[in-house]
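Here are a few notes to go with the model you asked me to look over. Keep the structure open while you read.

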Amino acid sequence: MRVTVVGAGVVGTMHAWQAVKRGHEVVQIEREAEARGASLRNFGQIWVSGRAGGEELDTALRARELWEQIGGRVPALGFRPNGSLTPVRGDLELAVAEAAVVRPDAAARGYKLLTPGEARALNPALRGEFTAALYCERDAAVEPRTAQLALRAELLKSPRYRFLPGREVRDVVGPAAVRDDHGDIHQGDAVVLCTGAWLGGLVRELAGPGLPVRRVRLQMMQTDPLGEPLTTSVADADSFRYYPAYASAALDALEAGRPQAETAAAHRMQLLMVQRADGGLTIGDTHEYEHPFAFDTLEDPYDHLTGVVESLLGRPLPRIRRRWAGVYAQCTDTARVVHRQQVRDGVWLVTGPGGRGMTYSPAIAETTAEELGW
């Protein structure tokens with residue numbers, strides 16, 4: 001079988017990985033020299049902890065298995081089973097964590113409620129004051145800015161794989177056949193469009209105006225090296241408000257009794273933080289849903305995040321090295337894992353995992369391969 005994958009972000013690259021793994025010939029086409037979208041502009045988290053029970057959690061756990069398997073073969077991914085800690089303060093936040101650890105699927109997530117001393121034994125960098133911490137053993141991380149490069153370097157070892165950068169697919173010209181802007185036609189047995197947040201142009205023509213996917217903008221930042229290990233990923237209790245696993249009467253009481261800070265609420269914020277291989281911290285994030293998106297980044301969210309992080313670390317944050325904004329595609333029905341649609345004979349569109357794309361991508365690609373009979 002010959003497979004054409006359009007898009008070199010993490011979802012597209014995982015589709016190429018699955019196809020090559022199954023013995024097929026693959027051409028992967030990318031309109032930029034390298035992918036530059038949400039696949040690079042994220043935390044690199046393999047985030048199991050907050051996923052809704054059922055399909056979402058099952059997909060996350062399967063993806064976590066696949067990431068670990070691939071990471072064993074491709075060490076340059078930087079896969080590490082670091083887990084996560086969510087420190088909580090006060091009775092209202094504590095009650096949400098307590099509700100989480102008695103979920104029927106708590107063991108599958110690796111949830112444990114830790115005392116401050118137990119949390120600091122696991123992650124000594126957390127010197128701030130907190131009441132307890134929710135630990136999720138199944139969370140993990142990779143290096144987002146280099147993961148696609150590492151995967152492609154491994155793929156290029158196969159004679160069945162070709163990478164064609166700097167080409168934009170402009171048209172479908174027949175069953176499982178597309179033409180790029182160089183005028184070249186790529187004919188095969190299947191085409192998979194993994195175009196990320198690129199939802200206009202050809203995608204709109206193929207999927208129609210009712211595509212149930214929206215674009216979401218975020219802001220993030222990265223620091224200089226911390227100077228010590230941050231041994232787990234870290235979230236704050238505002239993350240409880242944005243992840244479905246934490247829905248409970250306790251969460252309702254938290255939202256009623258302790259609303260988010262004004263800046264956090266205005267920008268739909270939570271703290272997520274991961275240490276990079278060089279020791280720096282990736283910190284975020286905000287969520288913007290209304291179009292047109294702003295073209296600039298705002299300082300108030302960064303000031304808020306800095307204050308939250310410093311309160312948990314009990315020390316000043318290192319110098320901010322870089323700030324950025326990113327856009328990802330999210331299913332309008334956020335309970336859906338991904339939007340997978342056959343848009344022409346032999347042509348499938350796979351998009352819309354939202355902020356879960358880095359987590360889910362290996363399992364999304366595996367499901368596509370199985371559904372298409374690769």
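This is a predicted model: local features need pLDDT of at least 70, side-chain atom pairs count only at pLDDT 80 or more; totals for chains, interfaces and linings use all residues.

1. Residues are numbered from 1 along each chain as its sequence is written, and side-chain values use heavy atoms, leaving out hydrogens and water.

2. Have a look at strand 6 (residues 132–136): five of its five residues are buried, so the rest of the structure largely encloses it. Buried means under 20% relative accessible area with a 1.4 Å probe, protein chains only. Strands here are DSSP runs of E, at least two residues, and helices are runs of H or I, at least four, both numbered from the N terminus.

3. Which way do the residues of strand 6 point? Ala132, Leu134 and Cys136 go one way, and Ala133 and Tyr135 the other. In a regular strand, side chains alternate between the two faces of the sheet.

4. Strand 6 runs antiparallel to strand 4 (residues 84–88), with five bridges joining them; Ser84 has Cys136 as its bridge partner. Strand 5 (residues 111–114) is also antiparallel to strand 6, through four bridges. Strands count as paired if DSSP finds at least two bridges between them.

5. Of its 45 residues, Val26, Trp67, Leu77 and Trp374 touch the most other members. Helix 1 gives the most to this core, seven residues. A second, separate core has 29 residues, including Ala132 and Tyr243.

Conventions: A nonpolar core is a set of buried Ala, Val, Leu, Ile, Met, Phe, Trp, Tyr and Cys residues joined through side-chain atoms within 4.5 Å. Buried means under 20% relative accessible area, exposed over 50%, partly exposed in between (1.4 Å probe, protein chains only).
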